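Please load the structure and keep it open while you read.

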Amino acid sequence: MLIHGQCHCGNIGFDLTWEPDPVSIPARACGCSFCTKHGGVWTSHRAATLHVHVADRTLVSHYVFGTRTAEFHTCSRCGIVPAVTSTIDDRVYAVVNVNAFEGVAPSLLQRTSVSFDGEGTDSRLARRKRNWIAHVELSDGHTEPRVR
Ligand SMILES: [Zn+2]
């Protein structure tokens, strides 16, 4: 399944290739302070391939907070956050915002609430390595080194 998503104005877009076709797509409403304020609902599939493309890179904010291990790719024109990345051992992992999906049937989304408050940084990074999208291409002009 090829899933396209983008921010509201279209500046930040992504293409997510999810094989085999998902029977359901986990949609995790994150309880952290940022996601609560943004209504961030995230998904990932370890074996999926994600390509994030940006039209105007001067209109992208890479917001970090807390443990500073995740970058929220935020469109500074429309305020939407289509993707989050985390660079672990020189590899970029990502989750995408299901609210930025275009044309995906809502019935495919299996919504849950999650809270990672109190999780230590090491276990947080280990969880991302296990669960986040592990094949990520960023065409956003952002140069190494990323956060961390
Ligand atoms: Zn935008």
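## About the model

This is a predicted model, in which local features need pLDDT of at least 70, side-chain atom pairs count only at pLDDT 80 or more, and totals for chains, interfaces and linings use all residues. Residues are numbered from 1 along each chain as its sequence is written, and side-chain values use heavy atoms, with hydrogens and water left out.

## Overall fold

The chain contains two helices and twelve strands; here helices (H or I, at least four residues) and strands (E, at least two) are DSSP runs, numbered from the N terminus. Their order along the sequence is β-β-β-α-β-β-β-β-β-β-β-β-α-β. With a radius of gyration of 14 Å, close to the 15 Å that the globule rule gives for 148 residues, the chain is as compact as a globular protein of that length. The radius is taken over C-alpha atoms, and the rule is 2.2 Å times the number of residues to the power 0.38.

Of the 148 residues, 44% count as buried (buried means under 20% relative accessible area, exposed over 50%, partly exposed in between, with a 1.4 Å probe and protein chains only). Among contacts with a separation of 6 or more, 67% come from residues 24 or more positions apart, where contact means heavy atoms within 4.5 Å. The chain exposes about 7500 Å², and carbon and sulfur atoms supply 50% of that area. These areas come from the Shrake-Rupley method with a 1.4 Å probe; for residues, only the protein chains shown count as cover.

For reference, the ideal angle for four tetrahedral donors is 109.5 degrees.

C7 is buried at 1% relative accessible area, whereas C78 is partly exposed at 25%.

## Salt bridges

The structure has three salt bridges, each defined as a side-chain nitrogen of Lys or Arg within 4 Å of a carboxyl oxygen of Asp or Glu. One joins K129 and D89, with the closest N and O atoms 2.7 Å apart. Since K129 lies in helix α2 (residues 121-131) and D89 in the loop between β8 and β9 (91-97), the pair ties together parts that are 40 residues apart in sequence. K129 is partly exposed at 29% relative accessibility, and D89 is exposed at 58%.

E119, R124 and R127 are linked in a network of salt bridges. E119 meets R124 at 3.6 Å, N to O, and R127 at 2.6 Å, N to O. E119 is partly exposed, at 22%, while R124 is buried at 17% and R127 is buried at 11%.
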